[in-house]
Each structure stands twice: as structure tokens, then as C-alpha cells.
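Grab a pencil and work through them with the model open.

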Amino acid sequence: MTGMDLNLLRAFMTIYETGSLTRAATELSVTQPSVSYALGKLRKQLADPLFIRSPEGMTPTRRATELFETIKPAIAVIDATVETGRTFDPASTEQEFRLCLSDLGELTFLPPILRAFGSEAPNATLEIIPMQIDSVSEWLTLGEIDAAVASVPIEGAEHHVILYDERYVCVLPQSYTSSSESLTLDEFAGLPHIAIDRSSGHYQADRVLESMQIKRRVALRLHHFSVLPEIVAGNDYAAIVPLHVAERFAAQQPVTFRELPFHMPAFNVSLYWNGAAPVSPARTWFREMIANALK
């Protein structure tokens, strides 16, 4: 790709990300013919169509995907190098930042993050990307997200900082009565349970139960945590959730919580990100803002 115009590569990346020449032109603040011209020039230089028109939009070829995965991090480094020579002012920036959170993270982390974000960067935009735990590492590598908050290690993430320690408890209807602060194993096994999809990143309890050959009666499977407290309160179900979340649920709904009747290691809630030097001042501010808001 010797001598290739950086503007052509930016046009290519934007088409890849938007799947549309029209949307790419809008993103780049240029005309659609300009984007079409850039694509035609790249097609000639690389001897590949790069994108095929389909009902879903501009579908990338295999060569396009390989190219995107190569140039995305390279251009991120170029942009970061340019930005290090500039003064970043969060109070005036109109930049968009992307943070990956589970729906549980949205419930617990988003309020303090938004207070800090809105106070420090009132003109900026924050987009929350729904957690898909198996995809986070790739999103970080490709620069599709700026950071992620997760309760399990993100393999492939280059950097992380621990925000706080956490442990799991069992949340129950407030009407539930037991003889102690922790459930007995028989009580736990006899309750109807709500299981949360593992893509949320909260699968540690399932692994411990499987390793101990403890079976719980799963009555309901959910993909999200958001409706969990109402279901627990109104249907006499139990669920395993982090302590901070159980405390939040108990403050909002008629639910309570008990210690688990088996040993589960504590875990860390951490902020993950990628990026080698030079570090973008905007991303540095973004990460520090999140860490300070959640610590």
C-alpha cells in the first residue's frame, strides 16, 4: 500500500463501518460522488471490488475485511499521534465516545458516569454499546469502542484498572424467611431460579455450581438484568447477582438478599481499554473520568 492516500483509507473505513455510501458521505461531510470516486480509486489500486451491493447495504469482501482489520488500529495510532500535539478541552469538545456495558452495568454504572460526563464534557456524546462478552476484545482491537467495564477478564485487552472488589449473593423476595443470614444448600437448591445469559459476562456462578455438581432449578432464563428485581419480588424467584446490585435492587423493590451456601471467589470489576503510545488525550480523559466516577 505504498503511497496510498490516507483520505482514501478513511473513506474505505467509513464505508465499511456504515455499510452505505450515503451514510459514509454524511459521516465524512463530503458528497456521495466523492465517496464513490474514492472507492473506485481504491478498487483499482487493490484489484478487488472491496464491497458488493446487497439488500443489507455494501457488503465487504474478504479482502476488505482483512484491510479494515489492518488499517483501523494503524490509523488510530496516527490520529493519537496528531492529537498529542493538541490541547484537549473536555468542556468544549463535541467528540463522541463509546463505552461497552452490560445492561447491569447500565443500571449501576451509568448514573455516576453520566453525572461526571455531563459536568465535564457537556457538548460531547456518549454511546453505550451493549455487552457481548465474546466480542469485546475484538471491538477494543479495532477501535470500535473506547473502553469497557466488565466483571470478568477481557482476554486481549492491553490495559485495565481495577475499579472495586465484588462478590455474589442470592437475591430473594422480601417475604422470604430463613433461619440465618446465609441460605442452606437445601434451601438454595429448592428455590426456583432466574438464570442470566452468559453473554452478559456474569457466568462465574454457573461455573462454580457446575464444578461442585450443584444443581439449581432454573425456572426462567433472561438475557438482561433490568427486569430481574420486579420478577423476583412478584414471583418468589431467586437469582445470583453481585452484592452492589442486590443492595440497589433492595432499595428499589421489595427484595432482600442472603449469602450463598457455597464458596464463590470474590472478583474484580475493571475498566479495560487498548492503545499503545502515543495516547490520545481525549481517550485518556475519558478513561480517567470513568475510573474516578466509579471509584
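This is a predicted model: local features need pLDDT of at least 70, side-chain atom pairs count only at pLDDT 80 or more; totals for chains, interfaces and linings use all residues.

**Exercise 1.** Which side chain meets that of Arg 167 in a salt bridge?

*Solution.* Residues are numbered from 1 along each chain as its sequence is written, and side-chain values use heavy atoms, with hydrogens and water left out.
- Start with the rule: a salt bridge puts a side-chain nitrogen of Lys or Arg within 4 Å of a carboxyl oxygen of Asp or Glu.
- The partner is Glu 259, at 2.6 Å, N to O.
- Arg 167 sits in the loop between β6 (159-166) and β7 (168-173), and Glu 259 in the loop between β11 (255-258) and β12 (267-273), so the pair ties together parts 92 residues apart in sequence. Strands (E, at least two residues) are DSSP runs, as are helices (H or I, at least four), numbered from the N terminus.

**Exercise 2.** Lys 72 and Glu 17 pair up too: how far apart are they, N to O?

*Solution.* 
- Their salt bridge spans 2.4 Å, N to O.
- Lys 72 belongs to helix α4 and Glu 17 to helix α1 (residues 6-18), 55 residues apart.
- Now check burial: buried means under 20% relative accessible area, exposed over 50%, partly exposed in between (1.4 Å probe, protein chains only). Lys 72 is buried at 13%, while Glu 17 is partly exposed at 42%.
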